[in-house]
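Here is my note on the model, as numbered points. Please keep the structure open while reading.

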Amino acid sequence: MPTLRDKDKPSIFLLEPISREKENAKQYTKSEDALSAYAALVDAIYPVVQTRTLQANTLDQLEAAFRSSHKLVRQTAGDYLVILTHYFGDALDRFKKIANDSKAAIRLRAIQSQFRYTVPEPFLTELLKRSLSDSSEQVRSFAASRCGQFKRTDLVELLQQQAASETSQTVLRDLSFAVEEMQRS
């Protein structure tokens, strides 16, 4: 089974043969478009895992998948991109670019992708801080939730400062909940 794994880093495990990895997506979607996009994503990631090298066109393919309208494709691409940030500086640079996208939906995906895996520090802290003051209400709300989930007590003061100036009731609720969640820990 092709695996990208180093001690103290998140791993990517792929099924063999490559066709089996592609077929695995059928248990999550019946959409032919999504299956085709997923197959292209697998074609992009397989050589990285096998050779432990990353090509610029691979990052282009992963970014395109991250921008997909298909949830399975974009979430899987997000996981792969986040994991690759631990192995390749170019992947971290690309993720930083994506996290600063002009489209709020893409910035939201960047913060949402910090779930099972996270980008390495210090960029994770930078991403959370920036997302807490994003122009998008959804991004701010999700960033507050992630701070709470990650028990980021180092950011409590920032969460409280954001709450003092927050105009959205939804974000204010999420900021308050995140602070309460950390204070209970």
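1. Terms first. Buried means under 20% relative accessible area, exposed over 50%, and partly exposed in between (1.4 Å probe, protein chains only). Leu127 is buried on that scale, because its relative accessible area is 1%. Leu127 lies in helix H7. Helices (H or I, at least four residues) and strands (E, at least two) are DSSP runs, numbered from the N terminus.

2. Basis of the values. This is a predicted model, where local features need pLDDT of at least 70 and side-chain atom pairs count only at pLDDT 80 or more, while totals for chains, interfaces and linings use all residues. Residues are numbered from 1 along each chain as its sequence is written, and side-chain values use heavy atoms, with hydrogens and water left out.

3. Surroundings of Leu127. Contact means heavy atoms within 4.5 Å. Neighbours within four places in sequence set aside, Leu127 contacts Phe95, Ala99, Ala110, Ile111 and Gln114.

4. H5 against H7. Helix H5 (residues 89-99) packs on H7 at an angle of about 5°, and the axes are 12 Å apart. H5 is therefore roughly parallel to H7. Axes are lines fitted to C-alpha atoms, for helices over the stretch in contact, and angles run from 0 to 180 degrees between N-to-C directions. Angles under 35 degrees count as roughly parallel, over 145 as roughly antiparallel, 65 to 115 as roughly perpendicular and the rest as oblique. From H5 come Leu92, Phe95, Lys96 and Ala99; from H7, Phe123, Leu127 and Arg130. By class, this contact of H5 with H7 has five nonpolar, no polar and two charged residues. Here Ala, Val, Leu, Ile, Met, Phe, Trp, Tyr, Cys and Pro count as nonpolar, Asp, Glu, Lys and Arg as charged, and the others, Gly among them, as polar.

5. H6 against H8. The axes of helix H6 (residues 104-112) and helix H8 (residues 137-149) come within 9 Å and cross at roughly 5°. So H6 is roughly parallel to H8. H6 contributes Ala104, Arg107, Leu108, Ile111 and Gln112, and H8 contributes Gln138, Val139, Phe142, Ala143 and Arg146. The class count for H6 with H8 is six nonpolar, two polar and two charged residues.

6. Ile106. This residue sits in helix H6. Ile106 is buried, at a relative accessible area of 5%. Residues up to four places away not counted, Ile106 touches Phe66, Arg67, Ile98 and Asp101. Its C-alpha atom is separated from that of Val139 by 9.6 Å.

7. Asp134. It is placed in the loop between helix H7 (123-132) and H8. Asp134 counts as buried because its relative accessibility is 11%. Its side chain makes a polar contact of 2.7 Å with the side chain of Arg107. A polar contact is a pair of N or O atoms within 3.5 Å; within protein, one must be able to donate a hydrogen and the other to accept it, and residues adjacent in sequence count only if both atoms are side-chain atoms. The Asp134 side chain also reaches the backbone nitrogen of Ser136 at 2.7 Å.

8. H8 and its ends. The buried residues of H8 include Val139, Ala143 and Cys147. They pack against H6, H7, helix H9 (156-165) and helix H10 (169-184). At the start of H8, a side-chain oxygen of Ser136 comes within 3.3 Å of the backbone nitrogen of Gln138. Just after H8, Lys151 has a positive phi of about 55°.
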